[in-house]
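Welcome, and please open the model in your viewer. We will begin with the whole chain and then select a few places one by one.

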Amino acid sequence: MGNTGEKFERAVQIMARLRAPGGCPWDREQTFDSIKPYTLEETYEVLEAIDNRDWDELTGELGDLLLQVLFYSEMAQEEKHFSIDDVLERLSTKLVDRHPHVFGDVKAETSGEVLRNWEAIKAKEKEKRLAAGGGKSAKGSGDKDSVLANVAAGVPAMLEAAKLSARAAHVGFDWPTLRGIFDKMKEETHELQSRIEALPHGLDRAKGKHGIAGSRASDAASPEQLREVAGEIGDLMFTLVNIARYLGVDPESSLKQTNRKFRRRFQYVESKIKERGSKIEEAPLEDMESLWQQAKESE
């Protein structure tokens, strides 16, 4: 079947054929913008396969993710911006330049030293790009020289929070111990609770129409109150992200794991209620809670 280079070249040629005249109508219609949602979807499917340790599935999902790179590169070549060769050359150069402890004479004995060197090298690369009039802009950073400048504002909020806090930690803006973050979480939890208690009915707010808490007109909170609550919720979530960072845990993967656990347990509850000939909408909360505990115990 050929070596790795031949296999990669075959994939590149197949992509080019799909986009060429007489190729696939769907592939030929795609643009950079139309492909973006698929890129995000394929990325999450790769993460899910990793979480499941499904190696056969991961093989396919990594191929699907690689397809996104080939797709963008082919479209870019058609518009004479760059080619897949440019992408590979840029990648190889970056890997060598950012690992001087492997390909040069720089010493780095720990992963922490590697990360500090990496950030210093990236900063120098950025200076060169800006001097040449190119490079990424620091959208939303407010200061192109900030250590946070290269954290993209367009990524998912949880990823952005993790990157922002990590960048700040690299320059010493961090809690000395994990205990400090938990103290901060208690503080943020108290502030959120206080904001909610200031709303109509406070912590005793009950579900309104269609199961939406506080949806009754008499429970209406002012826009300013809701903004304050939203801000406190964000502060608490940011603190949780910092706990994950401190422990070397990916917060996105953690939440995904909990989502899957909730889905699994809730569907267990649904199936048991259905076996009884009942509808979950009509089941007492006590019955659902009992079945939920059964689902936990069965795991």
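Helices (H or I, at least four residues) and strands (E, at least two) are DSSP runs, numbered from the N terminus. With cartoon view on, follow the chain along its sequence and you will read α-α-α-α-α-α-α-α-α-α-α-α. That pattern comprises 12 helices and zero strands. The radius of gyration is 25 Å, well over the 19 Å that the globule rule gives for 299 residues, so the protein is more spread out than a compact globule. Here the radius is taken over C-alpha atoms, and the rule is 2.2 Å times the number of residues to the power 0.38.

A word on ground rules: this is a predicted model, in which local features need pLDDT of at least 70 and side-chain atom pairs count only at pLDDT 80 or more, while totals for chains, interfaces and linings use all residues. Residues are numbered from 1 along each chain as its sequence is written, and side-chain values use heavy atoms, with hydrogens and water left out.

**Colour by confidence.** pLDDT is the predictor's confidence in each residue, from 0 to 100. The average is 89, and 92% of the residues score at least 70. Now select residues 214-218, where pLDDT stays under 50. For this stretch the model has 10 contacts (heavy atoms within 4.5 Å) beyond four places in sequence.

**Show the whole chain again.** Along the principal axes, the C-alpha atoms fill a box of roughly 60 × 50 × 40 Å. Buried residues make up 22% of the 299; buried means under 20% relative accessible area, exposed over 50%, and partly exposed in between (1.4 Å probe, protein chains only).

**Select Glu-74.** You will find Glu-74 in helix H4, which spans residues 55-78. Is Glu-74 buried or exposed? Glu-74 counts as buried, because its relative accessibility is 13%. Glu-74 and Met-15 are 59 residues apart in sequence, yet 7.2 Å apart in space, C-alpha to C-alpha.

**Select Glu-232.** Move on to helix H10 (residues 223-247), where Glu-232 sits. Its relative accessibility is 9%, so Glu-232 counts as buried. Which residues is Glu-232 in contact with, leaving aside its neighbours within four places in sequence? Show Glu-188, Glu-191, Leu-192 and Arg-195 to see them.
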